[in-house]
Every structure is written in C-alpha cells, then in structure tokens.
Amino acid sequence: MTGHPTDLISITALACGWLAIGLLGFIRPRSTGWVAHGLFPLGAVLGIAITALALVALAHPAETLILPLGLPDLHFQLRLDALSAVFLLLIGATAAGISIFSAGYFRSGEGAAPGLLCLQYHLFLASMVVVVIADDAYLFMVAWETMALSSYFLVTTQHRLPEIRRAGFIYLLIAHLGAIGLLLCFGVMQGGNWQFTFEAMRAAQLTPVWTSAAFFLALLGFGAKAGLVPLHVWLPEAHPAAPSPVSALMSGVMLEIAVYGVLRVTFDLLHMQLWWWGLVTLGLGLFTALFGVVFAAVQTDMKRLLAYSSIENIGIIFLGVGLTIIFHAFHMPLLAALALAATLYHCLNHAFSKSLLFLSTGSVLHATRERSLGKLGGLIHRMPWVAWLALVGTLAIAGLPPLNGFVSEWLLLQAFLFTPQLPHSYINMLLPMGAAALALVAALAAYVMVKFYGVIFLGQPRESTLSKAQDCGRLERIGLLWLAAGCVLLGIFPVPLLALLNGVSRELLGASLGSQLQHWWLLAPIAPERASYSPAVFMLSIVVLVAVLVLGVRLFYHGRVRKAPPWGCGFPLLTPRMQDTAEGFGQPIRQIFEPLFRMRRELPSPFDTSPHYRVQVEDHFWYALYMPIAGWVRRISNLAGAVQQGRISVYLLYSFLTLVALLAFAL
Amino acid sequence: MNVVTLITQFTEVILAVVAAPLLMGWVNQCRAWLQNRRGPGVLQPYRQIRKLFHKDAVMAANASPLFRLVPYVQFAAMCLAAAIIPSLWTGLPFAVAADTIALVGLFATARVFLALAAMDIGTAFGSMGARREMLVGFLAEPALLMVFFTASLISHSTSLPTIVETLAQGRLAIYPSLAFAGIAFLMVLLAENARIPVDNPVSHLELTMIHEATVLEYSARHLALIEWSVALKLFNYTCIGLALFFPWGLATGAHSLRDLLLAIPMTGLKLLAAGFGLALIESLNAKMRIFRAPEFLATAFLLAVLGLLVHLLLGS
C-alpha cells in the first residue's frame, strides 16, 4: 500500500452513507415526507460528493485498502483506480439526478412502504459502488448479488400484480444465470492457486484455452446483466414493471456496471487478449444493437420501447469493447485507446440520456396513468418542462450533433475507419461492414426516437383525460434538468472529459489519446488533418444562426401570426384518432424487418360488423430458446418428481440407501 | 486562420444561400422544357419566397413552440452544411468544426426536427409524412455515410475539403470504388431531396407524397424558410456530388485570386449541367410506389457498401 488512500476511504464512507440513509428510512417507514423530502435529497448530495471525489481520483494513482471484514483468510480488498473512478463518476452523477427526481416522485399509497423502498434503493446504489471498488472475487460477488437482489425487490415494488411478479422472476433467473457464469469465471481465473484476490488473478498465468474460457464466462455473466442477445429477455419485462426512477437506475447505471465488469476482467485481470474474442464480442454487439433498435421501433409501451433502446445502446457499447480488444490484440495502442474512449464515453452518454428519458416517462406516467403510447399525445402543451427536457434526451439518444450521443458514435466510426490497417486480411475487410451496420443502427435509433417523442409529446391528445395532466413538480424538474445538463455538457465539451478518460486507457492499454487533445474546443483524436469535430463551434453557430434568422425575419418582414384550425384537406371531421398510432409509426420497420419478428395478426374481413385489427409482435428467442429450455426443465423436474412420494418412510429409505452407498464407496 | 480565409468562407456560404433557389428554378425550367412546356422561368423560386415572406402566417391553433422553431433550425442547419461543403474552394476554416460524419449528422438533425414538426399538429397527413420521411432517412443516411467512408478511406481523412483536395489531385485517375459510391450517392440525392422516383416535389396527391406531407401545415414566412432550405439542401447535395466525383475546377491548395474567381464560373457550369441531368432523370422516370422506396434505398446502401468493399479489395 503506497501513501494514504484518502480517496478510497472517502468513497467507502460515502457508500456507507448511502447504506445509513437506507436504514434511516426505518425511523418513520410509513412517512412519505420524511423519506422523500429528507432522505432522498440527502442521497443526491452524497451522489454529487461521489462525483466530485471520482473526478479527483481520476487524476490520482491507484489506491488500495483492506477492510478487516469478510472471510477469515480473505479480508475485503478495495481498490480505486482510473477505471473504477470513471464508473464511480457515472454512478454518482446519474444517481444524484435520479435521487432528487425520486424525492418528488415517490408518493404514498404506491406499492411498498416508502421506508422499505428507501432501503432497497440506497442498498442498490451502495452495492454498485462496492462492485466498482471491490478488489477480490468474494467481495465482488457479494456486492454483485446484493445489487441483483436489491434491484429485484425494487422491480417487484408493486408485487400484487401477477405480471410484475413474472417480470421480477425472469430478471432474477437471468441475473443468477449470469452469476453462475461469473463464479465459474473467477474459479478459472484463480489459476489453481486458490487465491481469490484480484491481485493474485492478475499474476496468474493461464494457458490460452483457459484464458479464453475465463473471458467467455465473463462475457456470459456480464452479458446477462447487460442484456446482450440472447440474454436480453429480462430487460423489456423488468423495465416497465419497475417504478421509473428504478428503471432509470437499472438501465442507466446497472447495465453500465456490467460493462465495467467486462473491461475489468478482459483488460485488467486477464494477462492476454486474443483478437478473435474481439470479433465475437463485436459481432454479438452489432447483432444486439440491430435487434434492440428494430424491436424498439415496433413497441407500443413507452417503457418497453426504452428498454429495447437500452439493449441497442448496450450493443453499441459491446461493439466498442470488441473493437478495443481487436486493436489491442494487434498491438495498435493508440487505436485501442480511441475505441476504449468511445466505449466509455458511450457508457456515460447512455447513463445520462437514458435515465433522463426513463424519468420523463415516469412523470408522464404519474400525470396521465398511461404507459401505452396509443393513449398519449400532445403533452408538450400540458407538461412543457418534461417535454422540453425529454427532447434533449431524445436528440441525445438518437445520436444527433451537437449532443452527447453523437460524440461517441463519431469516435466509434473514426475507430472503424482505421480497421483496414489491421494486419489480418479477413477482418480488415469484414470490419468496415460493421461500420455500415453501426450507421444503420444509428439511423434507426433516430426513427425510434422520433416515434417515442412524437407520439407522447406532440400532436393532439389521444384521450380526453390527458387534458388534466399536470407538469412535474419542482424536485422532479431539478432531477431532469441535472441529467439534461449532463447530456448537453457531455455533448459540447468532450475534450476535457476524454482527457480525464486517458487515465483509464493508460492503465488498461498502456497508451492514451493524451497528446492529441490539445485544444479544449477541438476534438481531433488522432490528428487534426485526419478528422476533427468541434461541438462547441457547431452548437454556437446553430444557435447564432437561428437567432440571426429569427431577428432578421422579424426585422425585415413581420411577426404576425393568425391562429386557425389545422388544415384537414377539406375533410371536416378531424379527430385525434387520425394521427399515426405507435403501431402505425412502426409499421414500415415491421414490414422491412419482418423475419426478425414473430408476429400474430388478426386482420378484419370486409364482412365484419365490428372490425378490429390486432397485431402482436413477439421475440423469436422466447420461443426458439427459452420455451424449449423451460420445457426441458419441466420434464426433468417431473422425472425427479417420481422419486418424491411425500411419505416420510420413503425419504428415510432414501437416506438409508444413500448411507449404504456411501459406506460401500468408502470401503 | 486569417482574414482572407474568413472572407472566402463567408462568401461561399452567402453565394450558396443566394444561388440555391436559382438551381431549383433551373431544374424546374429544364423539366418544363423536357416536357414541352414553357415553364415559369428560372427566377420563379425567388418570386415565390418573396411572396411567402410578405404574407401573414396562419398557424394551427394547437401548434407548439417547437413547430415555430423548426423552419429556422432547418435553414440554419443547411447554411451550416453549406459552410462545410467545398462548393467553390477547399480552404474552408469552418470545416475543422465538422467533418463528413458530422455533416451526415447535421442532415439527420434537420430531418428529425422536420419530422417532429410534422407530428406536432396531429393531423393524419403530418404524422404520415413524418413516418415516411424517417423511413427514407434511415436507409439514405447510412448509404450517404458509406459513400463518405469510401472517399475517406481513399484520402485518409474524414474532413471534406481534405477528401476533395486528394481526389482533385488524382489527375483523372478513376477509382472503381468511387463508381459504386457515385451511383449510390445519386440514389441518395434523389431520395433525400424528395425527387422522382422516390417522391414527387410537385405532387400534392395525399397517398403518395412524402416531403410535402410534412410541411402541409406551414405557411408564409415559415414555409418560405422551409422552401428555401429545401432548395439549399438540393444545392448542398449537388455540390457534394460535384466535389466528390467531379472535383475539377475547384480552387485547391494555396488560393490565388485568379483561382478563386475562376472557380465561380466553373462551379456554375457544373451546376447547370447537374441540374439538367437531374431534370432528365426526373423526366425519364416514373414515381415508384411508396412501398418500393425501401428497396430502392436498400439498393443504394448495398451499392455504397459494395464500393467500400471494392476499395478494400483493390486498394483503390
């Protein structure tokens, strides 16, 4: 241990602070006022403190600490390095916004008691912090499982509804499938000397076969948590079931923690990286991204739509991870650093913009009690704050300049442009195709986001009840503003942040973009003559141009406006029902990507007296992969059921037989 | 960055903004000639825009502020695009702030805002137009990006002026990859600018229109800005095509005043030819059914990807 680990101690203390806040909820567990207006804002303050500390820690060398807790021969080991710091920054900054929003969001009479909710929520936050700073497999798994369980209870807040229990069960099941993968992965990585500290794993020398086994077990374990296809099925179930701030935390933070795990295992714990892992990861990421975005386009529930969009973004992030592995394995450090920077940047982007969108759906849900896109519309008039702030998130997720989503996509595409330099004749041809697929995904994301925003906030209200919708309260506004500001800042000032991320790439890859980031306003990751992008100038010119235009038109002409009913093409009966529904807006995508969906359609015939049209879109994986496995499990358990007679004498007989068998074996 | 480059930068943008309706008028006039009509004259778009600016704006009662903002954003986005595209000369200081990927992003931003504005009023045609506009966009955008990718791989840069400078030095070398990219680009140009065979700019037939459906609710100065930005968009796309595939005559490298002055008539001539070509394509083709548009654009996308592959295989 070198020096005094001040940052690490403070971070640990703050995580304990979150735990304490959770426990404080039990002083008055039924009081919404105490929990919502006292504890959640306090949690947000701790979030800001963690953000600040993480920023400080990014500039400092790694720190370690051993807590006298845990197993007798394996005390809790903690470590704070640049990679941990980046993810702490993500957790702290996002959680601050979500907590302050939650302070205004949770109301009495909704599901579990507020005190219990407060405990689960802060336990969830603290466990994520511990996952990121854990430095031994035991503590890591304890924190990882705490994270899974606390989020499970948060998802099933309204456990009286059967579909929410079902969603929670699927989530728990896949979370544990992933946990098995992780346990096995750590088992492989200790390399036969039974040392479960990460320090020992870094030193272990595995054969390429075992290293690959460890990598793919990690990919399984973390992929299940992140929602890589085909382990994505829990996301669209769990996100709509959970209360919106919880969906925001799970989608915006927990999925990224899984990415942290992959990066930690691949680049830190394993001593070698093989290029074909990168190819597999990249392929999986691309497929996940395409799959997610296409499914998002046909959803009719706003939170399901966002859940599929999260799958898409996770796909893009894994694409970046794959690219990093490939460049790193071929010893192209600068390009690996570029791909890693894009990956981390996309994690941060997704955390901010997806949390923002999930929170705004929460406000919409509270104001209208509707989750179905088919019953919303026109909310920009009734809920201007939510609508305008959600617009920022929408444009950010759609990857449009000059907001943040574009920065990471730009970096990724730049990284792709270097793939023809790879010294491998197949993949240097194959990879640029990946860029084409990424471009397609990005363009489809814009489609999805126009649908999301247009159907909820624009147009005319599709239900008369929407005219009573109220805008969100002050605390919720602060939360949304915080996250929207994050999106804008990340979009406009990428260079200072990328300079901070350099520490990570120096640590993991031994190279950084450092020397390339000279001007704060100009993003030129490799060389200015190769590629450059300046979001600040970009944003400034758009704003100035719009302002000049507005003033110019006013000055030279006039600003007269006459209000009139919309033009109905001569048709007098214009109703809100004539707008595109969510189904209608997604229809072209449904048609173009038909083989990807499992569709059931009920079409009206010309002779129906009450014609109705229904279409149900489902996931092939559910029927081709999960149902058969569930069938197998049921069959096996039926077989096992044959030996269970329910009579105590039979069980005694089994015990006796087992004893005899053991004795025979021992002798 | 000295004063001269700044002046050339501004001159370029202002010339583009001023000349854009002229190109539109020229295309319409050529179309009229090819169809044995007299046509309204090349200055008609200017008269139209002037007339629209003087009218009182009529706006739907339930329009949100977003709806009023969008025409300005459209126009600003197209002006910004004009600042990046080397239509006359390659010394564009602003191009540092946005490369080809950002240019594609800029077009996407403009499209998303237009689609959102179309959905804002909540009429059947508006949302239909938004859906179709996005449908065209989601295939055209990656195709355009792949065209730029091919050009970027040739010139080892994504900055548009640098790409054009490299291609202009090619001394008539023919890049096979660029041939594919060129066809793909032409298809994207037709689709993105709502031209035949994907869309018909003069049609107001409800079931077939794409772009016109998105702007049905606009009137007066807002419509004028939209029409102007549509003209500017066509101008920008044409200039991209000319710069990538016919880069001769652009002032590159160290500019002398002679080069700069010579570039203006050269570009003008090329634009006249391109406008005539566009009118010819539009007169010779029929509009496709809307359901065929995705196939058309998927072809463009595949051609662009094929161009990329050809570049990687042949290394040129």
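Modeller: Domain bounds here come from an automatic or database domain assignment. This is a predicted model, where local features need pLDDT of at least 70, side-chain atom pairs count only at pLDDT 80 or more, and totals for chains, interfaces and linings use all residues. Residues are numbered from 1 along each chain as its sequence is written, while chains are lettered from A and ligands numbered from 1 in the order in which they are written.

Colleague: What separates the centres of domain 1 and domain 2 of chain A?

Modeller: The assignment gives chain A domain 1 (1-218 + 248-266) and domain 2 (273-525), among others. Taken over C-alpha atoms, the distance between those two centres is 22 Å.

Colleague: Which helix supplies the largest share of the side of domain 1 of chain A that touches domain 2 of chain A?

Modeller: Contact means C-beta atoms, placed from the backbone, within 7 Å, and 29 residues of domain 1 of chain A meet 37 of domain 2 of chain A that way. Helices (DSSP runs of H or I, at least four residues) and strands (E, at least two) are numbered from the N terminus. H3 (82-105), H8 (208-226) and H10 (244-269) of chain A each supply at least two residues of that domain 1 side. The largest share, 14 residues, comes from H3(A).

Colleague: And between the chains, which element gives the most to the side of chain B that touches chain A?

Modeller: Here 66 residues of chain B are in contact with 64 of chain A. Elements giving two or more residues to the chain B side include helix H2 (44-54), strand S1 (57-60) and helix H3 (65-84) of chain B. The top contributor, with 17 residues, is H5(B).

Colleague: Is H17(A) roughly parallel or roughly perpendicular to H4(B)?

Modeller: Helix H17 (residues 427-457) of chain A and helix H4 (residues 100-120) of chain B have axes 10 Å apart, at an angle of about 30°. Axes are lines fitted to C-alpha atoms, for helices over the stretch in contact, with angles from 0 to 180 degrees between N-to-C directions. Angles under 35 degrees count as roughly parallel, over 145 as roughly antiparallel, 65 to 115 as roughly perpendicular and the rest as oblique. So H17(A) and H4(B) are roughly parallel.

Colleague: What is the bridge partner of Ala564(A) in S1(B)?

Modeller: Strands pair if DSSP finds at least two bridges between them. Strand S3 (residues 561-564) of chain A and S1(B) have four, in the parallel sense. In S1(B), Ala564(A) is bridged to Ala60(B).

Note on methods: Contact = placed C-beta atoms within 7 Å.
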